Amino acid sequence: MAELSRQRNSLEAKAVRHRQLLAEATDLLSGVSLAPAKRLEDACRAASLPLERAVCDLQEFIESITSTIEKRLPSSDFDWRVAEMPQVLLAQDSVGPALEGLLEQIGQAAQGRPVEAGAFWRNGIPVLFLRYQPESGAGEPDLVPARSVTRHHGGDCWLENDSGGTAVCLTFEPGAPI
């Protein structure tokens, strides 16, 4: 028991130190005006905060984010198609900016083509996917902020390419047992 307590204390001290380092990185990045630095700054800020996860309706969350993007960029042509999704556990304040940046990049790369948002279950874990057909010559989205936030939540983020287009996949903890 004493050994487990010592290990827990050591891990808590490391987590505090990592949060401090991320906060310092956030301060440094705040002075850089480039868009990728801003997204990285948001990710560092989100990852430096302790997690206060709550049950979140992923469909409503994505619809809210896409609505925000459309209001901020009214001249852009977006075609969001958001399917029914499960509830997950996440800290919306930390995940929101990363997902907003990711969805904005995807929407701009799709150039008015449909962007599908949905979810499927893999080994009891909900996988959020954002599938789109990028405009010829469009680069891949910057996954660093989204990957940082999802890993902070114990999940992951990756990119899949196939003949049907590109899909960004993210995992979060389920909000209810399946």
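Start at Leu89, whose bridge partner in β8 is Glu173. This pairing comes from a predicted model. Val88 also faces β8, where it stands opposite Pro174. In total, two bridges join β3 to β8. Strand β3 covers residues 87–90, and the two strands run antiparallel.

Now turn to β1. Four bridges join β1 to β3. Here, too, the strands run antiparallel. One of the residues to look for is Ala54, which has Leu90 of β3 as its bridge partner.

What holds such strands together? Strands of a sheet pair through backbone hydrogen bonds, either parallel or antiparallel.

The three strands form an open sheet in the order β1-β3-β8, with antiparallel pairing. Residues 54–57 make up β1, and residues 173–174 make up β8. Both strands stand at the edges, and each has a single partner strand, so one side of each is left without a neighbour in the sheet.

Next, find the helix. Helix α3 spans residues 58–72. It lies across β1 and β3. Its direction is at about 65 degrees to β1.

Which residues are on the covered face, and which are on the uncovered one? Val88 and Leu90 belong to the covered face. Gln87 and Leu89 belong to the uncovered face. That brings us back to Leu89, the bridge partner of Glu173 in β8.

Notes: Residues are numbered from 1 along each chain as its sequence is written. This is a predicted model: local features need pLDDT of at least 70, side-chain atom pairs count only at pLDDT 80 or more; totals for chains, interfaces and linings use all residues. Side-chain values use heavy atoms; hydrogens and water are left out. Two strands pair if DSSP finds at least two bridges between them. Contact means heavy atoms within 4.5 Å. Axes are lines fitted to C-alpha atoms, for helices over the stretch in contact, and angles run from 0 to 180 degrees between N-to-C directions. Buried means under 20% relative accessible area, exposed over 50%, partly exposed in between (1.4 Å probe, protein chains only).
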